[in-house]
Amino acid sequence: MTTANKITLIRVGMIPFFIYFAYQGTQTCDIIALCIFLLASMTDALDGYIARHYNQITDFGKFVDPLADKLLVCAALLLFIQRGEMNSVMVFIILAREFIITSLRIVAIGKGRVLAAAWSGKVKTTLQIVGTAAIFLTDILGWPGMVQTVSGWAMTLITLYSGFDYMKRNWDIVADGATSKK
């Protein structure tokens, strides 16, 4: 197993600890959860750098790396709903985009195509990390609840844009699947 893949698996392993501390809802646990979240988010950049720089790109990594990212962000978003810090409609939109794009990638793989990440997807991921941190900081530092609302809407809107951008750039896969018979 490559170093990059090991780092990705460490990120996956951090998710239960993040959930545990975030679920407690105390200031101390929120600080620990935020630190775990940020550390896990940094491993995403690290494993990608190592995979590219040291030629460790693998099919396993192509599958698990984006899955690890989605699991981490989805865990945070679902916890925010439970804690009343994010609207369920926002989270539904974000999760729907992730399911749609993942499904599109699976169809593309079946057609022998690998769909590269777009800049809008990278911006989406970055904004989701920053927005998640901001929502935690709202509780930790006692910031007004408006920060949660703005962060939630910013994450939702960039996610929508990213999803539309991705679908537009790869519409031929969708259109071909709607018209061709198996």
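Asp69 touches Arg11 and Asp44, residues up to four places away in sequence not being counted (contact means heavy atoms within 4.5 Å). The model is predicted, and local features need pLDDT of at least 70, side-chain atom pairs count only at pLDDT 80 or more, and totals for chains, interfaces and linings use all residues. Residues are numbered from 1 along each chain as its sequence is written, and side-chain values use heavy atoms, with hydrogens and water left out.

Asp69 is placed in helix 3, where helices (H or I, at least four residues) and strands (E, at least two) are DSSP runs numbered from the N terminus. With a relative accessible area of 18%, Asp69 is buried; buried means under 20% relative accessible area, exposed over 50%, and partly exposed in between (1.4 Å probe, protein chains only). The side chain of Asp69 meets that of Arg11 in a salt bridge, at 3.2 Å from N to O. Asp69 lies in helix 3 and Arg11 in helix 1, so this pair ties together parts that are 58 residues apart in sequence. A salt bridge is defined as a side-chain nitrogen of Lys or Arg within 4 Å of a carboxyl oxygen of Asp or Glu.

A salt bridge joins the side chains of Arg11 and Asp44 (3.6 Å, N to O). Distant parts of the chain are linked by this pair, with Arg11 in helix 1 and Asp44 in helix 2, 33 residues apart. Arg11 and Asp44 are buried. Asp47 also forms a salt bridge with Arg11, and their closest N and O atoms are 2.8 Å apart. Here too the pair links distant parts of the chain, Asp47 being in helix 2 and Arg11 in helix 1, 36 residues apart. The relative accessibility of Asp47 is 3%, which counts as buried, and Arg11 is buried with a relative accessible area of 1%. A network of salt bridges links Arg11, Asp44, Asp47, Asp65 and Asp69. Over the whole structure, a search finds 12 salt bridges.

The nonpolar interior was examined next. In soluble globular proteins, nonpolar side chains tend to be buried together. A nonpolar core is taken as a set of buried Ala, Val, Leu, Ile, Met, Phe, Trp, Tyr and Cys residues joined through side-chain atoms within 4.5 Å. The largest such core has 27 residues, of which Phe18, Leu77, Phe80, Met86 and Phe136 touch the most other members. At least two residues of this core are supplied by each of helix 1 (3–24), helix 2 (27–53), helix 3 (59–82), helix 4 (88–110) and helix 5 (119–141). Helix 3 gives the largest share, eight residues. Phe80 is in contact with Glu85, Met86, Thr132, Ile135 and Phe136, leaving aside residues up to four places away in sequence. There is also a second, separate core of seven residues, which includes Leu104, Ala108, Met167 and Ile173.

Ser120 is found in helix 5. Its relative accessible area is 0%, and Ser120 is buried. Residues touched by Ser120, apart from those up to four places away in sequence, are Tyr161, Ser162 and Asp165.

Leu160 belongs to helix 6 (residues 146–169) and, at 33% relative accessibility, counts as partly exposed. Lys168 also lies in helix 6 and is exposed, with a relative accessible area of 64%. The C-alpha atoms of Lys168 and Cys74 are separated by 24 Å, the two residues being 94 apart along the chain.

The structure holds zero disulfides, a disulfide being a pair of cysteine sulfur atoms within 2.5 Å. For Cys29, the closest cysteine sulfur is that of Cys35, 12 Å away and therefore too far for a bond. Cys29 is buried, with a relative accessible area of 15%, whereas Cys35 counts as partly exposed at 47% relative accessibility.
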